[in-house]
Amino acid sequence: MVSMGLVLEGGALRGQYTAGVLDAFLEAGVEFPYVIGVSAGASIGCSFVSKQHGRNNLIVDRYRNDPRYLSFRNLLTQGSLFGMDFIYDTVPHHLVPFDSQTFEASPTRFVTVCTDCDTGQAVYYEKDDDLLPVLRASASMPFLSPMVRYGGRRLLDGALADSLPWMKAVSEGFSRNVVVLTRPRGYRKKRPNPWPARLVYAATPRLVEAINTRWVRYNASLEAIEAAETSGEALVIRPSQSMDIGRTEKNVAKLAALYELGRQDGQAALADPRFTSSPS
């Protein structure tokens, strides 16, 4: 158990990079006292805490091109491009079972980030919350997924409010963190066209603001993380090669290559002396 937090960015299928990094950690027997994930980062991170090596890679390899996983048919019939019932019910309960017992027994504190659609603010859920609905909410992308109702809230993708929750980890007492990003060095988000959010989410103006100002918060968080990287407070793992893979990448071979890149970059990062530090 290293004395650092672990912060996991989202990115939908770009999360295969994160899956590779975390499998490298599992192979080395590395554990963290605190893991916080957003969207795909949370979905992948829970398999890390449950110590299910290769689980996320297996899911994508088997089901990426299954229309139940991702298809326009889902968008027409369920209102979501990704098949959320399939991903967050059929897969973990029947096809590639999630080891909830190991997850719950782990000493690791696991936090999932969602966005409250009525306030536009981040909401942070813990292990004692109902995991699968929370993961589903965190990964529900605006425009491509319906809002998820949970605990009296209407929720969407956690990345809208807190894409890179490094400061949340710091506020929880983890001054040093491993941060896994799914974009290469130098990436910055650009200002979006504000009108799609204004038209689609007119009834939730604070959500509109969160969507249209996300790029500002993302870039500011990234700059803060890079400053912490320079000072030694953050160990940042990001793709060492640019592979031009989108959130809905169809090419399974490219996704497998991204996973292997993550494993290689994760193994390289394990040489950092902070991975040999004592438990917090």
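This is a predicted model: local features need pLDDT of at least 70, side-chain atom pairs count only at pLDDT 80 or more; totals for chains, interfaces and linings use all residues.

Reader: Which residues of α7 are the buried ones?

Author: They are Leu131, Leu132, Val134, Leu135, Ala137 and Ser138. Buried means under 20% relative accessible area, exposed over 50%, and partly exposed in between (1.4 Å probe, protein chains only). Helices (H or I, at least four residues) and strands (E, at least two) are DSSP runs, numbered from the N terminus.

Reader: What makes Tyr150 count as buried or exposed?

Author: Its relative accessibility is 18%. The cut-off for buried is under 20%, so Tyr150 counts as buried. Tyr150 belongs to strand β5 (residues 148–150).

Reader: And which residues is Tyr150 in contact with, leaving aside its neighbours within four places in sequence?

Author: Contact means heavy atoms within 4.5 Å. On that basis the list for Tyr150 is Tyr125, Asp129, Asp130, Pro133, Val134 and Leu155, with neighbours within four places in sequence left aside. Take Asp130: 20 residues separate it from Tyr150 in sequence, yet C-alpha to C-alpha they are 9.0 Å apart in space. The Tyr150 side chain also reaches the backbone nitrogen of Asp130, at 2.9 Å.

Reader: What about Val148, buried or exposed?

Author: Buried, because its relative accessible area is 12%. Val148 is in strand β5 too. Not counting residues up to four places away in sequence, Val148 touches Pro133, Arg136, Ala137, Ser140, Arg153, Arg154 and Leu155. For Val148 and Arg136, 12 residues apart along the chain, the C-alpha atoms are separated by 7.6 Å.

Reader: Now the rings. How many aromatic pairs does a search of the whole structure find?

Author: It finds 11 aromatic pairs. In one of them, the rings of Phe25 and Phe48 have centres 6.4 Å apart and planes at 65°. Rings of Phe, Tyr and Trp (its six-membered ring) pair if their centres lie within 6.5 Å; planes under 30 degrees apart count as stacked, over 60 as edge-to-face and the rest as tilted. So the Phe25 and Phe48 pair is edge-to-face.

Reader: Why do you say that this pair ties parts together?

Author: Because Phe25 lies in helix α1 (residues 16–28) and Phe48 in helix α2 (residues 40–49), parts that are 23 residues apart in sequence. Phe25, at 0% relative accessibility, counts as buried, and so does Phe48, at 5%. There's another edge-to-face pair, Tyr187 and Tyr218, with 6.0 Å centre to centre and 85° between the planes. Phe25 and Phe48 also form one aromatic cluster with Phe32.

Reader: What is the distance of Arg183 from the ring centre of Tyr187?

Author: It's 4.2 Å, and Arg183 lies over the face of the ring. A charge sits over a ring if NZ of Lys or CZ of Arg is within 6 Å of the ring centre and within 35 degrees of the ring normal. Lys127 likewise lies over the face of Phe103, at 5.2 Å from the ring centre.

Reader: How many residues are in the largest nonpolar core?

Author: It has 52 residues, and those with the most contacts inside it are Leu6, Phe25, Phe32, Tyr69, Phe110, Val178 and Phe275. A nonpolar core is a set of buried Ala, Val, Leu, Ile, Met, Phe, Trp, Tyr and Cys residues joined through side-chain atoms within 4.5 Å. A second, separate core of 19 residues includes Tyr34, Val38, Val113 and Leu164.

Notes. Residues are numbered from 1 along each chain as its sequence is written. Side-chain values use heavy atoms; hydrogens and water are left out. A polar contact is a pair of N or O atoms within 3.5 Å; within protein, one must be able to donate a hydrogen and the other to accept it, and residues adjacent in sequence count only if both atoms are side-chain atoms.
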